[in-house]
Amino acid sequence: MAIHKIIQKIIASLHLWFNEVVFLNVGIEKVVTAKNQTTIPWTDIGIPFSEKKSIIILNYAAKLGIRTHVKVEQISEKKYKIIVPKYEVLGIELDKTNPYQLYDSSGELLSYSTQDIDTGTLVAQTLSNEEQEKYLEKYVENINDSAKSYYKALFQSISKDIELEFEFSGQAK
């Protein structure tokens, strides 16, 4: 029973010191394309050969983890269940040296009157929350493995005899 109280205090203290726990840092390179075309006024009909295209290579890092603390349930004297809350994208950061590169920008014969593609808007759309949620789904197994390693190391430092069971609540499959 004394070990259980120590564990509860350690978990609570960790979340007082740190507002979040990062389980995985992912370096992402994404190719984004966009195109604009001039249309006939008052219609959605595109004017032939008036298309402009841009291809951007975006480089950034995403931090994946949790902001709320885990729940610890004692199953037996030396066995605990760790309930990990839903993962979140904790932050994204553009690469400092090469955040994005305009790989190609081209226009067709009659594209002089077509609006240029706003690369800033394109980058912002790519970094939206909806886009980042896809990475949580893609890397959920890696995040689970990292969370297991983190809490096993933490609990093993208290006692080598402790067994852990994990439940990942609300995670994408």
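Student: Let me start with a single side chain. Is Trp42 buried or exposed?

Tutor: Read the relative accessible area against a cut-off: exposed means over 50%. Trp42 has a relative accessible area of 88%, so Trp42 is exposed. Keep in mind that this is a predicted model.

Student: Where is the place of Trp42?

Tutor: Trp42 sits in the loop between E1 and E2. These two strands form a hairpin, with six residues between the strands.

Student: How do E1 and E2 run, and how many bridges join them?

Tutor: E1 and E2 run antiparallel, and 17 bridges join them.

Student: What do side chains do in a regular strand?

Tutor: They alternate between the two faces of the sheet. Now take a case in E1. Thr38 lies in that strand. Buried means under 20%, so Thr38, at 18% relative accessibility, counts as buried.

Student: Leaving aside neighbours within four places in sequence, what is Thr38 in contact with?

Tutor: The partners of Thr38 include Ile45, Gly46 and Ile47. Ser50, Ser113 and Thr114 are also in contact with Thr38.

Student: Now a glycine. Which strand holds Gly107?

Tutor: Gly107 is in strand E6, residues 100–107. Its relative accessibility is 47%, so Gly107 counts as partly exposed. Leaving aside neighbours within four places in sequence, Gly107 is in contact with Glu51 and Lys52. Gly107 and Gln37 are 70 residues apart along the chain, and their C-alpha atoms are separated by 9.5 Å.

Student: What share of the chain's contacts join residues at least 24 apart?

Tutor: Count contacts between residues at least 6 apart in sequence; 76% of these join residues at least 24 apart.

Student: Let me step back to the whole chain. How many helices and strands are there?

Tutor: The chain has four helices and seven strands. From the N terminus on, the order is α-β-β-β-β-β-β-α-α-α-β. Of the 173 residues, 36% are buried.

Student: Which residues have the most contacts inside the largest nonpolar core?

Tutor: That core has 31 residues, and the ones with the most contacts inside it are Phe23, Leu64, Ile66, Ile82, Tyr87, Tyr151 and Phe155. Next, ask which elements supply it. Strands E1, E2, E4 and E7 each give two or more residues to this core, as do helices H3 and H4. H4 gives the most, with six residues. Another core, of five residues, lies apart from it and includes Val32, Ala34, Ile56 and Leu122.

Student: So look at H4. How many residues does H4 have, and how far does it reach?

Tutor: H4 has 17 residues and reaches 24 Å from its first C-alpha to its last. That is close to the 24 Å expected at 1.5 Å a residue.

Student: Which residues of H4 are buried?

Tutor: Val140, Ile143, Asn144, Ala147, Tyr151, Leu154 and Phe155 are the buried residues of H4. Check their arc around the axis. They cover only 100°, so they are on the same side of H4.

Student: Which residues are exposed on the other side of H4?

Tutor: Glu141 and Ala153 are exposed there, on the other side of H4.

Methods:
Residues are numbered from 1 along each chain as its sequence is written. This is a predicted model: local features need pLDDT of at least 70, side-chain atom pairs count only at pLDDT 80 or more; totals for chains, interfaces and linings use all residues. Side-chain values use heavy atoms; hydrogens and water are left out. Buried means under 20% relative accessible area, exposed over 50%, partly exposed in between (1.4 Å probe, protein chains only). Contact means heavy atoms within 4.5 Å. A nonpolar core is a set of buried Ala, Val, Leu, Ile, Met, Phe, Trp, Tyr and Cys residues joined through side-chain atoms within 4.5 Å. Two strands pair if DSSP finds at least two bridges between them. The expected span of a helix is 1.5 Å times one less than its number of residues. The arc is that of the directions from the helix axis to the C-beta atoms.
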